[in-house]
Amino acid sequence: MKPQFSFIGTIASLLVVLLVLSSCSPSEVEKPTSVLRENTITTVKAFGESFRSEIVKIDGQVVVWENRWGKHVVTLQKRFQNIFPIWTSEGESSVYNDFDKTQLEALFPLAVGKEVVFEGIQYRLEADEGGAFWAAISVVGTDTRKVQGEVYDILIIDIITETIIENTISRRTTTLWHATELGLNLKTKYSHQLGVNAMPTVKFEVVEIDFPDGYRDEERGVGTIRVHYEDADKHEENNTVVLNETQF
């Protein structure tokens with residue numbers, strides 16, 4: 001005698017299998033763009049001027065920042081996962097880094113000890129020139145940063161980039177204090193050496209965050225961002241500035 005199967009029973013069995021499979025599937029890897037939001041704003045005081053930095057677009061894994069002095073856009077930058085620059089435009093200068101972005105996937109989720117080394121081509125469009133670059137990104141430690149009374153856990157990320165264009169080596173060293181909860185770099189320090197010429201080390205420090213309307217209001221409130229800027233070689237306390245307190 002053949003066993004009898006009901007249609008409803010078969011469907012129920014399939015649903016159980018699907019639920020089991022879905023529970024075993026890997027969860028989405030946490031990346032900065034999973035928590036970043038467009039219209040997040042920073043206001044920076046540098047070289048006696050104030051400018052506003054805003055996330056104007058998040059396109060997949062690319063974060064687009066627009067920096068303004070008054071009504072004038074002075075810098076545009078695209079950063080992969082808000083970590084590594086893809087394209088930077090400042091005045092007549094424009095630099096584009098072309099590389100296989102899948103090589104950076106091994107960094108995520110960010111954790112101490114993770115690192116990647118990769119190569120690419122850098123183009124300097126205003127000079128119509130380009131050359132090979134290599135970069136190393138490593139998560140080297142932890143820290144905490146207090147912003148608006150809230151203490152955030154920080155991952156310290158070191159980035160070293162070397163570019164060779166027309167037999168001249170350009171080396172840039174960047175350190176990010178990255179708050180994974182926010183997807184933001186709450187502190188950035190970088191130095192640049194072009195050939196034998198070393199440029200001053202500079203750093204930026206976010207001390208307030210202006211989130212988009214309705215985002216994180218209940219958790220931390222919304223306020224104007226104030227950023228502390230200083231030439232790291234001077235170590236002068238009077239470089240700390242309180243910026244425009246108006247809401248955007």
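**Salt bridges, a hairpin and a surface patch**

Arg-68 is partly exposed, with a relative accessible area of 24%. This value, like the others here, comes from a predicted model. A residue counts as buried under 20% relative accessible area and as exposed over 50%, so Arg-68 falls in between. The side chain of Arg-68 meets that of Glu-66 in a salt bridge, with 2.7 Å from N to O. Glu-66 has a relative accessible area of 17%, which means that this residue counts as buried.

Strand β3 covers residues 62-69, and six of its eight residues are buried, so the strand is largely enclosed by the rest of the structure. In a regular strand, side chains alternate between the two faces of the sheet.

Which strand does β3 pair with? Its partner is β4, residues 72-80; the two run antiparallel and are joined by eight bridges. Together β3 and β4 make a hairpin, with two residues between the strands. Gly-70 sits in the turn and has a positive phi of about 65°.

How many salt bridges does a search of the whole structure find? The search finds four, and the pair Glu-66 and Arg-68 is one of them. Another is formed by Glu-205 and Arg-145, whose closest N and O atoms are 2.2 Å apart. This pair links distant parts of the chain: Glu-205 belongs to strand β13 (residues 202-206) and Arg-145 to strand β8 (residues 129-147), with the two residues 60 positions apart. Arg-145 is buried, as its relative accessible area is 16%.

A further salt bridge brings together the side chains of Glu-162 and Arg-171, at 2.5 Å from N to O. Is Arg-171 buried or partly exposed? Its relative accessibility is 32%, so Arg-171 counts as partly exposed.

The last stop is on the surface, where Ile-121, Tyr-123 and Leu-125 form a nonpolar patch. Taken together, these three residues have about 250 Å² of accessible area. Ile-121 lies in strand β7, which spans residues 115-124. With a relative accessible area of 32%, Ile-121 is partly exposed. A patch takes in residues with over 30% relative accessible area, so the value for Ile-121 passes that cut-off.

Terms used: Residues are numbered from 1 along each chain as its sequence is written. This is a predicted model: local features need pLDDT of at least 70, side-chain atom pairs count only at pLDDT 80 or more; totals for chains, interfaces and linings use all residues. Side-chain values use heavy atoms; hydrogens and water are left out. Buried means under 20% relative accessible area, exposed over 50%, partly exposed in between (1.4 Å probe, protein chains only). Helices (H or I, at least four residues) and strands (E, at least two) are DSSP runs, numbered from the N terminus. Two strands pair if DSSP finds at least two bridges between them. Patches are made of residues with over 30% relative accessible area and no salt bridge: like charges are joined within 9 Å, nonpolar side chains (Val, Leu, Ile, Met, Phe, Trp, Tyr) within 5 Å. Accessible areas come from the Shrake-Rupley method with a 1.4 Å probe; for residues, only the protein chains shown count as cover.
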